[in-house]
Amino acid sequence: MKRRVYIPIFYEKGVESKALRDVCAGLEEEGVPFSCAEDVSSCAEELGRRAASLSPLEIGVGISVDGTCTVCHEKLPQGSPYLVEKAENGRVLGQNAARLAKGLHLLHIKKG
Amino acid sequence: MPELIAGVDIGNSSTEVALARVDGGRAEFLAQHLTKTTGVKGTVDNVSGIRLALKKAVEKAGVSLKNISRIRVNDAVPVIGDLAMDVISETLITESSMIGHNPDTPGGAGLAIGITISLGMLASDTEAGQAYIVVIPQEADYEWAAYKMNQACERGIEIVGAIAQKDDGVLIYNRLRHKIPIVDEVASIEKVPLGKQAAVEVALPGYVIRTLSNPYGLSTVFGLTPEETRQIAPIARALVGNRSAVVIRTPQGEIVERRIEAGRLTLYGRKNNVSVAVNDGAEAIMQSVEKTGGLLDVQGEMGTNVGGMLNGLRQHLSDSTGQPFSDITIGDLLATDASLPVSIGGAMAGELSVESGVAMASMVRTERMPVEKVAQALEEELGISVEVGGIEAEMAIRGALTTPGTEAPLVILDMGGGSTDAAAVNERGEISSVHLAGAGDMVTMLIDAELALGDRELAERVKKHPLGKVVSLFHMQLEDGTMLFSGSPFPPDVYGRVVIREEGGLTPLPANLSMEKVREIRRSAKRRVFVTNALRALKQIVPTQNIRHLSFVVMVGGSALDFEIPQMVTEELGKYGIVAGFANVRGTEGPRNAVATGLVLTAAREVTL
C-alpha cells in the first residue's frame with residue numbers, strides 16, 4: 001500500500017485560529033501536504049516533537065496556546081527544536097517546515 | 001663565531017621573518033613568522049608589524065630578541081598596484097514594462113494575454129469578451145482574492161492570468177475554479193500599469209519560459225511590426241532563463257540597451273603608441289599593450305568612463321605614495337572582461353541584467369621606496385643593527401632555490417596580492433625581473449562584482465576556500481560531487497544553501513547563487529588573472545620571448561598558497577613542457593618565506609667570503 005506523506009501539525013486546544021491558518025497556508029504555498037490534529041496540552045516544543053516522531057517526513061510542527069510555533073525533526077535530540085517563531089510569523093514558519101522537507105534554503109523573517 | 005640573523009620581508013599585504021643561526025657560512029634556520037603588514041609597504045608604519053613578527057619568531061626559537069645580532073630588510077620593489085572596474089553596456093527600461101523573475105512557487109503554468117486590471121476594479125470596470133490579467137496587491141488576502149476572481153468568472157468575465165505582490169501564487173491558484181498562470185512576489189506591484197495589454201507566462205517546474213523570452217514570441221503576442229520587434233528584443237533577452245515573466249506593453253514604454261561611451265585608451269610604449277577603444281574589450285586592449293613593446297604610460301580619454309577610472313587610479317596612487325599626481329605613470333595594465341550583474345532601472349521585482357564590463361589592474365612605478373627610513377626606525381626602536389640587503393628578486397630566487405629538486409637556470413613567479421612578479425636567473429647567475437599588474441586582489445574584485453556580493457570581505461573568503469552545499473540536516477555536497485556526512489545537524493541559516501567551507505565553520509552565500517556558478521566564476525577569475533599573468537610574465541622575462549625555452553618555474557608568494565591557482569598555472573605551463581609548481585622553501589616552508597630566507601642566506605655567504 002502506498003503510504004501518504006505529510007507534515008503533521010499538532011496544536012493545543014484554544015490556539016488562535018489565525019496562527020493555525022497561517023502555518024497551513026505556508027505549507028500549502030510550498031506544495032507540501034500537511035494534516036492538523038489537536039493534541040494534549042503541552043509546550044510548543046513538546047507538540048512539535050510528538051508531531052515529528054509520528055511524521056512520515058520526520059518533520060513536525062507544534063503550536064501552543066501562547067502563540068509559539070516550532071518546527072522539529074525526529075533526528076534531533078530533545079530540547080532542540082530546529083525552528084521557533086511567534087504566531088505572527090506562522091506563514092514563514094509553515095513555508096520553512098515545507099522547505100525543510102524539500103531541501104530548499106529557508107526564508108528569513110521580513111523585518112518591519 | 002655563530003651569529004643570530006633575522007631576514008625581514010615587507011610585502012604589500014604580509015610581513016615575513018626568518019630567523020637563523022649562521023656559523024661559518026652555514027645557516028641553521030630556527031624559526032619563521034608571518035604577520036600582516038602594518039601601513040603602506042615601505043613606510044615607517046611597517047615597524048610595528050616587523051617588531052611583532054620578530055617577537056613571535058624569537059619566541060618560537062626559544063631565544064631572546066637581544067640575541068639577534070643583525071636584521072636584514074629587503075629592498076622592496078618600488079611598484080604599487082591598483083584596481084578599477086566599470087560597465088560598458090547598460091540596459092534601461094524607460095517605462096516599466098516587464099517583470100522577469102524566479103519566485104520559488106508561482107501558481108499554475110501556461111501563457112496568458114490580456115488587459116491588466118486591479119482586483120478591486122474586477123466587479124465594476126469589466127466588459128464581456130475581453131481577457132483580463134488581475135493585479136493583486138498585498139492587502140488582499142489569498143482567500144479574498146480567489147473569491148473575487150471566482151465570482152467574476154461566474155459573471156462571465158474572462159480572467160486569464162494574475163500578478164500577485166505576496167508569495168501566495170499557489171494558494172490563490174488552488175482556490176480558483178478556472179485555473180490560470182500566476183506570477184507572485186512582485187515587490188513593486190504598484191508600478192504595474194493598469195488597463196494595458198500584458199502577457200503572463202509561467203513554466204512548469206524545471207522548465208524555463210519560451211514565448212516571452214523569444215523576440216518573435218513577443219511580436220506574435222503583441223502584434224508588433226518589424227521595427228517594434230527590434231525595439232523589444234532586449235526584453236526577450238533579459239527574460240531568458242526565467243521560470244516566470246510578465247511583459248506589459250506600454251505604448252511609450254521601451255527598453256533599450258545602451259552602449260556607454262566607455263572611451264579610448266591611449267597607450268604610450270617604447271616602440272609604439274597605440275590607441276584602443278575600451279568597448280573593443282579586454283582582448284583588444286591586451287593586444288594593444290603587447291604592441292607598445294613595453295608600456296611607459298597610459299592615458300584615458302577625458303570625460304569618459306575610462307578617463308575617470310584612470311584618473312581615480314592616479315589620484316589614489318598619488319595619495320598613497322605622496323608623489324605628485326602628474327608624476328604617476330602606469331607601467332603595466334591588465335584588462336579582463338567581466339560580466340557584471342546590475343539591477344535594471346525601473347524593475348518591478350528586483351531584476352538584474354548582466355552587463356559587460358572591463359576590469360583593469362594597473363601598476364605604477366614609484367620612486368625608490370624609502371626602505372632606509374624603515375631600517376633606521378627599526379634600528380632605533382630595537383637597538384639591533386639593521387641593514388637593507390639586496391634586490392628583492394635576487395633574494396626571492398635564492399630562497400626559492402632551497403626548494404628540493406630545483407637548480408638554476410630557473411624562473412620564479414611571485415604571485416602576491418597586488419602584483420605578479422617574475423624573476424629569472426640564468427646559468428651565469430645573472431638576474432632579471434619584471435613586475436606585472438593584477439594579482440590576488442584583482443581576483444577578489446572580480447568575484448565580488450560578478451557574483452554581485454557587494455562585500456569584499458566575503459569575496460576574499462570565496463576566493464580562498466572551497467564550497468559545499470548543505471542538502472539535508474546531516475549531509476553536505478562538496479564541489480566534486482562527493483557527500484560529506486555531519487554528526488551534528490547543520491543550523492537553519494545554512495540549510496539548503498551554498499556555503500564557504502572554512503576551518504572555523506560555514507559561511508552561507510546568498511540563496512540565488514548555485515554552487516556551480518560560484519565555482520565557475522571563482523575559477524575563471526583566477527584563470528583570467530593568474531594564468532594570463534604567468535604567460536605574460538614568462539614571455540617578457542625570457543630573452544627569446546619563447547617560453548618553451550624555460551625548464552623550471554617555481555611559484556612563490558601568498559597566492560601560490562591558494563588551493564587551486566598553482567594547479568591552474570602548472571597545467572597551463574605543462575602545455576609548453578615547463579616544470580612548474582609551487583616552491584617548498586627550505587623543504588619545509590611551502591611557497592612562503594622565500595625572500596626572508598634569501599636575505600639570511602645572502603648574509604651567510606657574506607660571512608664565508
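Among contacts in chain A between residues at least 6 apart in sequence, what percentage join residues at least 24 apart? It's 58%, where a contact means that two C-beta atoms, placed from the backbone, lie within 7 Å.

Some housekeeping: this is a predicted model, where local features need pLDDT of at least 70, side-chain atom pairs count only at pLDDT 80 or more, and totals for chains, interfaces and linings use all residues. Residues are numbered from 1 along each chain as its sequence is written, while chains are lettered from A and ligands numbered from 1 in the order in which they are written.

Now select chain A and color it by secondary structure. You'll find three helices and five strands, following the pattern β-α-β-α-β-β-β-α along the sequence. Helices here are DSSP runs of H or I with at least four residues, and strands are runs of E with at least two, numbered from the N terminus.

Next, pick helix 1 (residues 17-30) and helix 3 (residues 90-102) of chain A. Their axes come within 6 Å and cross at roughly 35°; axes are lines fitted to C-alpha atoms over the stretch in contact, with angles from 0 to 180 degrees between N-to-C directions. Show the side chains too: among the residues that meet are A:V23 and A:L27 in helix 1, and A:L93 and A:A97 in helix 3.

Zoom out to all of chain A. Its C-alpha atoms fill a box of roughly 45 × 30 × 25 Å, taken along the principal axes. Of its 112 residues, 54% count as buried, meaning 20 or more other C-beta atoms lie within 10 Å of a residue's own, with C-beta atoms placed from the backbone.

Last stop: show chain B beside chain A. Their contact takes 16 residues from chain B and 16 residues from chain A.

Methods: A residue is buried if 20 or more other C-beta atoms lie within 10 Å of its own, exposed if 12 or fewer, and partly exposed in between; C-beta atoms are placed from the backbone.
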